[in-house]
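Open the model in your viewer and keep the selection panel to hand. Each stop says what to select and what is there.

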Amino acid sequence: MNYLLGLIVLLIKIAVMLGGLLLVASYLVWLERKLLARLQIRLGPNRAGIFGLLQPIADAIKLLTKEEIVPTAADGFIFRLAPAVVAVTAMMMFAVVPLGPDIRLFGRSVPMVITDLNVGLLFVFALSSLGVYGVALGGWASNSKFALLGGIRGAAQMISYELALGLSLVPVVMLAGSFSLTAIVDAQSGVPFIVLQPVSFAIFVISAMAESKRIPFDLPEAENELGAGFHTEYSGMRFGLFFLGEYVHIQVLGALTAVFFLGGWHGPWLPPVVWLMLKIFIVALIMIWIRGTLPRLRYDQLMALGWKVLIPVSLINIVVTGAFIQFAGFS
Amino acid sequence: MLPEKLKSELTAQIARVDHPREMAIDVINALQDHYGYFSDEALAQAADLLGMSPLELDELATFYTFIYREPVGKHVIHVCDSLICWMEGDENLVAHLCDRLGIQMGGTTADGLFTLLPVCCIGYCDRAPAILVDRQVHGPLTIDALDRLIDTLRENHS
Amino acid sequence: MTATYPQVLLKNRKPDRITTLSEYREAGGYEALRRVLTEMDRQEVKTRLADALLLGRGGAGFPAGIKVSTVAEDAPFPRYLVCNADEMEPGTFKDRVFLHAEPHMLIEGMALAAYSIRASHGIIFIRPEYESAAKILEREIGIARGEGLLGERILGSDYDFEIVVHRSGGRYICGEVTAQLNALQGRRPNPKQPPPYATDKGLWGLPTLANNVETLACIPHIVKNGAQWFKDLALTPEAAGTKLFCVSGKVNRPGCYELPLGIKLSEIIETCCGGMKDGATFKACLPGGASTGYLTADHYHIEMDFDSLKKARNRLGTGAVMVFDHHCCMVAATLNLTEFFARESCGWCTPCREGFPYLRDLLWRIENGQGEAGFIPMIKTMCRHLWKSYCAFAPGGVASIESLLMNFEDEVMAHIEGKGCPFKK
Amino acid sequence: MSENKIKTDEKPLKPAESSGWSALKALVEGFATTAKHLARKPVTESYPEFKRQLPERSRARIVLTRDPDGRERCVACYLCSAVCPVSCISMQSAEQPDGRRYARWFRINFGRCIYCGLCEEACPTSAIQLTPDFENIQRDILTLVFEKKDLLVDGCGKDPSYNFYEHAGVTTDERGKGEHANEAPPVNVKSNLP
Amino acid sequence: MPTLKIDNREINVPAGTKVIEAAERLGIMIPRFCFHPALGSVGACRVCAVAFTEGPVKGIQMSCMIDAQDGMVVSTTDAEAVDFRRHVIEFLMLNHPHDCPVCDEGGHCLLQDLTVAGGHGLRRYRGLKRTHINQDLGPLVQHEMNRCIQCYRCSRYYQEFTGYRDLGVMGIGSRVYFGRSAPGMLESPFAGNLIDICPTGVYTDKPSRYIGRRWDYQRQPSLCIHCSLGCNLTASARYRQVVRHEARPNLEVNGHFICDRGRYGYAYASIADRPRQAMAAGTPGPIVDILAGAREAIQQTVEKHGPGSVAVVVSPRSSLETLAVVKEACGQHGWTGPAAAHTNRQALNRNTAVSCLRPELAVSLAADTEAHDVLVIGADPLNEAPMLALSLRQVQRRGGHVIVIDPRGVQLPFDFDHWAVHPSAMGAILQALIQEIGGHRATAPDTPATFDITKLARRLNASPRPVVVCGTDILTPHEIALAGDLARALRRTHKVAGLFYTLAGANAFAAALLHDQPVSTEAVLDRIEDGGVRLLVAVEQDLWREFPDRKRLQAALKRLDHLVVLDYVDSPLNREAGHFIPTQPLYESGGHWINQEGRLQAASPVMAGGEPIEITGGSDHPPRVFDRRIPGDEPLAAWRAVAALAGEDEADPAPQLKTALADFHPAVNLSTPEATGQRIDLEAIAHDLVESGPAPEPAEDDAPADAVVLLLVDWTFGTEPLSAMAPALTRMEAAPVARLHPDEIARLGLAEGRPVTVSLNGNRLTVPVQADPRMAAGVMAVPRHHLLEWQVFGETRVIVKRSQLKAESE
């Protein structure tokens, strides 16, 4: 019975989470387009519904009803699999993101997280690394030179920034003393880590943006060089899955940033979930702002930034943090 | 039609040479003298006589200055327009002639007496300006002398 | 006046008629032919011609002796001798004067030249304007034949030689030897670049020797009097013989004069021709017909022979001296010459066929006030390129234009800057 | 060869400009700029409500123009179809009784056309021209295949005075040899003039 | 072998090679207009100027005028030479009209190419443009003199190369005019080559005028099938229509040129009445059903009357593929045939010729031109195989001599000796010649004294390179074999004697390899008449048009149970046939052909086929119906259709074709690609295919004195059935007349210009009489003209008695 109930609760949580994610993702698209337009003194979507609010729905319908084309020369199975890998891994990352402190429901303590893994952080890393398979395989399976180049770029970029990303979070773990995201959030009940670890924060945000292939790190797509890079050959909802994956990824990024550095759900006055949502929203806004402002890096600049700047700096940061903890007795 | 006498004469002449072709200009000249100019009819007859095609003869006839493929007057006046005659004022002579005969260079008078044609140096530079009337040279010419010449030619016909 | 110079070709010239056969024989005519047929062998005629340094008088100045010896001993028969009386170079009329004076000298010269190469057929290619000369020649050939000087078994020897007169239809290009041979064969008179050379494969593919009237006329005298005598006739050591100079233009007594090669231009104009007309001043002259360049006052005292003119980057050509005075517009004169060449180009090769009308257009524009300074380099380049045309016609045709730009560029510029001809104002 | 070096506007950076601070400054400036834009009124004009007058040379619907005298300009020389990168132009040339060459049929598939304007550039007679009229949308793609009657317009378009046959030297019903612009009278090869 | 350096690259060339050709061997294309490999160099255009920097020649010189010599150093990129060439182009463009858009040469114009390549782009000349009046040169060649650049190629080609004298150059200077003395049809049947040879658009193709640009054409190497010479050409198609032929240079066969029959004979492939619909007894149906129906009819006949009751006739024009599949089908199923000739004599003639053609004797058309003396026996080159006449013209140009022994009024565009002998005397003359050549004094046959056999034999004996050309149309097998003996006899004294037969049909050589004992349509008709054959399959053989006795044919066809016709031309038989299956001409099917010297050549398919858009669209724009199917695409390659009739309804008959080709004949080897373009293995052909012993002549020798021999002959235009369908050529055709010697006309009581009626075997033919003093006495030549119902005599060589001739009074 208990087991069943837990399952039901879990399913509900997953459903709510997924529903929320997808809805937010689609409206994130709308938001991005609208905001980007304003940053560039344009109007943005304004035909479907008022302020173009129905645009995401229109897009979804369009993508769902479009003919899906698998190139003759493509490796059909992998070609079909790749978008799913991208979307699924992005969504699965949310499984360990705590939305708030446990609440009590029907006399039970229900954690506001799908599953509070004690190695949540590693789980996140694992999934985000897995996501790159979608990109690389999609690019390869298309059997198109642009797509292949995009896929390779994606893989290379991911490998390069995975390191910096991981290293930037070592001080956080050191400070929190746990891999569990809930624990990390709890550790920031007082001071959010952004204050303690500004360098880590910066490295994390940059690396995370590179992970999510967003401007200024969108080299795998690079419209003007590679068509659309790894998803050149995709159409219809398979293309939509890549798209979805990207926007879910933005949310993941926002959530992780909030969890790791902005104190998660902690905040005065408002309910914790709202705080978290707010923080995610702010991170997303900033990312859109960045997109609307910065040009794409050159490939060598991208690599140089990752290997020559971020990784050394994060290493130094770890040492400094370690020393600080050791000698200042901070815990 | 070609008179039998001329025809047999030409045939005999052609028969005398090794290659009928070499007689082409002579035959053309003979027929031109007969017809006044080297007409299409003459061309066909000459081709017959020489065993050449009309075109082969036309290739020659249209090349040379003194073969007239178009009708000309009784007297063909060739005015030298080369350097020495030009220096000595052939332009005035030409202008006068055109005026007097009422034709342009290359034209034939309405009465069919005169055709006016330019010609390059005729080798009478010591007698410039010179003209050639029916292959007879006249020069050095003044406008008065030219008038007298035209008058004489006219009188001979009337 | 002419008496002061040794006279060879025009010695017996009568003012109004030809030297008849009997008169010619009295003056020693046909003596050379008789001696050659009875006493000398062919080789000696050839040797004397070669030694005499007789240069072709038709314009190119090619040594006649060499040309005669290029007919191979074992070449097939019949062989032909062509006499070029197609004198169409503007300003040139020496052959006309000569033919109206000494037809027999030519006949004898042809017989001698033909004998030296064992030719049996002689053809005189004559321009239609010289109809009277053609008639004279035909008549005199008949007379000579009657006397046994032509035809079968000449002067009792076993040598046969027959001459016919071929009237041209009249085109400048027919003076070019290969074109002339084409014309004689009833083909279009386009030049034909050697090889094969005419002396090898000429008329109907047989050996053919072609020479100018004057060149052929010199032969009897050389044969009779020897090479050294001929060489001594000239005033300069490199030159040999006398030359018929045709002087025309702004001189008091234009005409044809037999003068020794190497005579000074000034002497021709002043002594022979009675100086410039109406006290005009000498501006320039063409020393040898339309296809030579201008000689300016700088060269007023130049020695008129083949070598001296070559040194002055000019040519003796046919020896037709055309004199211009200071009233004469050199651009207009050159335009007239270019007009001539544009009209007479045979149309075979591109640079000549299209280049001359182009040059005429440019010169016409300069003369008529539509000139531009840019035309001058254009004309210069084009003249340079016209040298690469098929035959010698175009290089001759651009000689006057090139020397116009070399010697009278100021005058051309005056036309361009003044928007018209300064001589017309 | 030094003169062949590609010229660029790139200026060498001064040391101050390449330092981290200036980069940061530029970064901040950039973000400030976009942030300021947020407050600006968008410059976008809403299309069907507002229709802007397009420049004459903007490239949209293709037409076939006529000579100043009202005849079809197109001589069906096939240059436009040859140059078309998407092969959307096809035609059949033929001869009219008067000797003119014309397009018996002429077809542009606007379903393919990318409006690159190469056809107009290639056209030797100024016949084919792109107009600013871009509102050429059809629900049935086959209606985007335009035939000659759909393409022909009255008038000369951008090159109002050009008449190809005035310069071609071709005999037509209007003019014979030597009667066109800049032509000498026909050569009479049998003329007595030298 | 001089070695010279061109643009710093060394090359070794044979002596006598011009510098321009030496450069070409290095892949350096020096510009040229007047130079053409077939015409040689004349140095007129001056655009091939290059700089000679070292060696025996110095300075800027024309590379076409200078023989390559040792030690030459040539620069094609020398600044002065380049500038000169640029100026030459400018000179040429001074008067060139601004009409490229309406010029059919545009797109493959040498002048366009060199103008762009030479860098002349700006017009500096301000004078007026020269113009010329054009001439009407007949239905094939369009004239536009304004475009002329005076390269003299046309007049040189026309007069010097082909020997015709009605087109040339007139005028002088910049006003020279290339054309005829007066407008009119060009006399030369090789005039079409003017179009190829003109470096710009002065002469353009009139039938394809304003059709399209070369870049839009589907172009493939193809072959001419309008006679047996197998000239190479490039066929162009556009919008599913063959629009143009151009000569494809093949220095071993046709050189650089083709005749006008080959150039313009293509129309049959695209005309409106070409059958494209399969039919059963005149009712259209889907081709698969018709094929199945035909196959069933064949099976039923075989079941009822045995396999021999099915007979196949095939055309000697059909591709090797078709012949092979037909042969395989007949062999496998025991069908009668295939017959690939009309009469027994024709079949025997062809096979005799093929068996006489030994490898050491066979010469190609191009090698013909190398001959010093050519003896033409029983052939009329200009009419039967026009390119042979052009080849012989080259023999004469090189100082060779041509002697024609033929009863017809043979005309050739050059001086040659013609012995107009009666057909019955041909054999005797040949025998006498062979004897004389062998050194034996021959008994003089009964021929006029002007035909001095001893002299001719001496001449041939003294010739360093004699060639015997022999026709196979009017002769008997015995005479054809004698021609082979003559060549062999000459070869005994000379190492390089040649033998050259002309055959009837483009693939007649392959048809000769079908059987050891040739089968003719005549023999098949015999079998039909005696009831042995009940079903006839006619493969691309239009019996109605080509069989020489139409009445007999029709009667025979009536006796048949069933007729199956496979063809690409329209014929009344198509509708009478029980089953009609449309086939593809070579432009659609491609294929291999073996020409008369045994050379195996390939034609590529030019287009996919289908009804031309012009017809589908009714000459308006193409229909606005968009479909994947092409209208009128039903026709099959004949070999596919035959394979379907004979085979087991296999989807892909390609393996069947492969075995058929492999089994065709040991001499024909298609397995290596190198074999194509080469002569097949003549050694592998049975030498004793036909006995060539001294067979005495029957009937004709004892022909009564008051009789004439009537010969059905070919004309250049109008008799070859496929090219006769070309509208462009109809104006070239002369009206059909019977030609006789003037004395003969008088002797027979006929009148020149009046019709004569010939009655034979109950058939009648009425045809106007024309006097031809070149004809032999006792001979009457009637063309197989498409405007004449000549299919009456049953043979192409028959004896007509005086009583069988009747002069008509209009």
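How many residue pairs are in polar contact between chain B and chain C? Select both chains: the count is 12 residue pairs, both residues at pLDDT 80 or more. A polar contact is a pair of N or O atoms within 3.5 Å; within protein, one must be able to donate a hydrogen and the other to accept it, and residues adjacent in sequence count only if both atoms are side-chain atoms.

First, the ground rules. This is a predicted model, in which local features need pLDDT of at least 70 and side-chain atom pairs count only at pLDDT 80 or more, while totals for chains, interfaces and linings use all residues. Residues are numbered from 1 along each chain as its sequence is written, chains are lettered from A and ligands numbered from 1 in the order in which they are written, and side-chain values use heavy atoms, with hydrogens and water left out.

**Stop 1: chains B and C**

Stay with this pair. Of the 7 pairs of chains in contact, B and C share the most contacts. Contact means heavy atoms within 4.5 Å. Chain B brings 34 residues and chain C brings 50 residues. About 3500 Å² is buried between them, and carbon and sulfur atoms give 57% of that area. Buried area is the accessible area (1.4 Å probe) that two parts lose on being put together, summed over both.

Now show the charged side chains. Chains B and C are joined by 4 salt bridges. A salt bridge is a side-chain nitrogen of Lys or Arg within 4 Å of a carboxyl oxygen of Asp or Glu. Select E88(B) and K277(C): their side chains meet in a salt bridge at 3.6 Å, N to O.

Which elements of chain B give two or more residues to the side that touches chain C? Color α2 (24-35), α4 (54-61), α5 (83-87) and β2 (114-119) of chain B. Helices (H or I, at least four residues) and strands (E, at least two) are DSSP runs, numbered from the N terminus. α5(B) gives the most, with 4 residues. By class, this side of chain B has 20 nonpolar, 5 polar and 9 charged residues. Ala, Val, Leu, Ile, Met, Phe, Trp, Tyr, Cys and Pro count as nonpolar, Asp, Glu, Lys and Arg as charged, and the others, Gly among them, as polar.

**Stop 2**

Chain B has 7 helices and 4 strands. Along the sequence the pattern reads α-α-α-α-β-α-α-β-β-β-α. The C-alpha trace of chain B spans about 50 × 35 × 25 Å along its principal axes.

Select R154(B) and D111(B). Their side chains form a salt bridge at 3.8 Å, N to O. The pair links distant parts of the chain, 43 residues apart: R154(B) is in helix α7 (residues 143-157), and D111(B) is in the loop between α6 (90-101) and β2. Over all chains, the whole structure has 114 salt bridges.

Move to A128(B) and P129(B). The peptide bond from A128(B) to P129(B) is cis, with omega near -5 degrees. P129(B) sits in the loop between β2 and β3 (131-133) of chain B.

**Stop 3: helices in chain A**

Select α1 (residues 2-39) and α10 (residues 236-260) of chain A. Their axes come within 9 Å and cross at roughly 95 degrees. Axes are lines fitted to C-alpha atoms, for helices over the stretch in contact, and angles run from 0 to 180 degrees between N-to-C directions. α1(A) and α10(A) are therefore roughly perpendicular, the word for angles of 65 to 115 degrees. Show the side chains: L21(A), L28(A) and E32(A) are among those of α1(A) in the contact, and F243(A) and Y247(A) among those of α10(A). The contact has 11 nonpolar, 1 polar and 1 charged residues.

**Stop 4: chain C to chain E**

Select α15 (residues 375-386) of chain C and α2 (residues 79-93) of chain E. They pack at about 100 degrees, with axes 10 Å apart. Residues that meet here include M382(C) and H385(C) in α15(C), and F84(E) and H87(E) in α2(E). The contact divides into 4 nonpolar, 3 polar and 3 charged residues.

**Last stop: chain D**

Select Y115(D). Phi of Y115(D) is near 55 degrees, a positive value in a residue other than glycine. Y115(D) lies in the loop between β3 (101-109) and α3 (118-122) of chain D.

Technical notes:
Angles under 35 degrees count as roughly parallel, over 145 as roughly antiparallel, 65 to 115 as roughly perpendicular and the rest as oblique.
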